[in-house]
Every structure is written in structure tokens, then in C-alpha cells.
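Take a look at the chain below.

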Amino acid sequence: MTISMKILGFSSFLAILSLAIPFSGPDMAWVNDADYSFLTQVALPHLGIAASSIIGGYAGVLYLRSSGNQTLHQIAGIYSGIAVIMLVSGLFIIDIVYVFLYSLACPPLVGFGVVKLAEHLPLIKKRVVTFMLIGLLMLPSIALLCIGINSVDWVMVIDFGTGFRVLFGALIGGLAANLTPAEKVEHKPQKSH
């Protein structure tokens, strides 16, 4: 469980670093500015958010697998559902605090959902299916990274696609964690009083 917490800490650090760039200045990058750079002002924050989400989804799967908490296992699907609702509502809410909240909290919760989904659909655990799903999720992720590359006026750094970047990244990370073998968790018997 400590490995998953270290990975989650790194994911959070990467998300904070990625969001620091757009939050330190205006959310819009004007293409006509002399110091405009699509790579540093737009693509790197988008890529950082996507990468932190992949790592966060991976860490969420590892944490839930290694956790002996049965209550957490029972409500993991509910947490994941709430996370997906938060990410989809990011399409309509582009508030700095809200983006910060879902970028940090939602990836591991979506990873929880991947574990629960794999319990009900064992087909997801097969390597071929997992690689196909990851490949299919990579296509919209790459498309979201390229939003604004051909803009002639301005580009929003935190835009309607941010929630979907986090969602697709967390799903990719969760599915990638399915490729690693699950460790056996020893449950200690409860003491009776």
C-alpha cells in the first residue's frame, strides 16, 4: 500500500505542477503575443494533466487491490461514479478550484471503478482486450491534447476538455494496472471482545 501512496503523491505533484502554469496567469493564451508558445503555454499543461491522471488511475487500482478494507471495496463503485460525474460536469464548470479538485481527487477514484468493472467483466483482464481499450482511449486523448494547435486568435489552457483529459487518462492508467499481476493480500483476523 505504501507504493501506491508514493505513486499517488507523485501524481498529485505532477497535477499541481501542470496546473500551476495556467493558474499563474490568464487562462487564455493569445496566439499573436510575441512570447506565445503552444508547446510551453498549452501543450505541456495538457500533457501534464493527462500524465498525472494516468499515474493516478494506476495508483488507485494498486491501492484498492492492496487494501484490506472491505467497506472501501464495497463503496468503491459509488466513489468512482461520483468521480465520473464530477469529470463530465467539468464540461460545464471551468472554475479554477473545481478543476484543481477533480484533477487531484478523481483519477484514483476512477481507478477504483476500473477494479470494480474488471470484477464484473473478467474479459477486461485479458491482455488483448486491455491493449485494445487502451489504444481506443488514446485516440481521444491525443485529440484533446491537440485542441487549439491551429488557433489564429487565442487558446484556453483549462477548457471544456480538461475533465475528459483526466477521465481518459485515469481509465488508461486503471487498465494498464490490470496488466500487472495482483498481489495476494493477507487479511488479519479481527479480535473478538
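Mean pLDDT for the chain is 87, and 93% of its residues reach 70 or more. One stretch needs care. Over residues 185-189, pLDDT stays under 50. The model has 5 contacts beyond four places in sequence for this stretch. Where pLDDT is low, the predicted coordinates should not be read in detail.

Now the layout. The chain has 6 helices and 2 strands. Read from the N terminus, the order is α-β-α-α-α-α-β-α. The radius of gyration is 18 Å, close to the 16 Å that the globule rule gives for 193 residues, so the chain is as compact as a globular protein of that length. Along the principal axes, its C-alpha trace spans about 70 × 40 × 25 Å.

Next, the helix pair. Helix α5 covers residues 127-145, and helix α6 covers residues 162-177. Their axes lie 9 Å apart, and the packing angle is about 155 degrees. Angles over 145 degrees count as roughly antiparallel, and α5 and α6 are therefore roughly antiparallel to each other. The crossing of α5 past α6 is left-handed.

Which residues make this contact? From α5 come Thr-130, Leu-133, Ile-134, Leu-137, Met-138, Pro-140, Ser-141, Leu-144 and Leu-145. From α6 come Phe-164, Arg-165, Phe-168, Leu-171, Ile-172, Leu-175 and Ala-176. By type, the residues of the α5 contact with α6 are 13 nonpolar, 2 polar and 1 charged.

Methods. Residues numbered from 1 in each chain as written. Predicted model: local features only at pLDDT ≥ 70, side-chain atom pairs only at ≥ 80, totals over all residues. Heavy atoms only, no water. Axes fitted to C-alpha atoms, helices over the stretch in contact; angles between N-to-C directions. Helix = DSSP H or I, 4+ residues; strand = E, 2+ residues; numbered from the N terminus. Parallel < 35°, antiparallel > 145°, perpendicular 65-115°, else oblique. Left-handed = near helix turned anticlockwise from the far one by under 90°. Contact = heavy atoms within 4.5 Å. Nonpolar A, V, L, I, M, F, W, Y, C, P; charged D, E, K, R; others polar. pLDDT = per-residue confidence, 0-100. Rg over C-alpha atoms; globule rule 2.2 N^0.38 Å.
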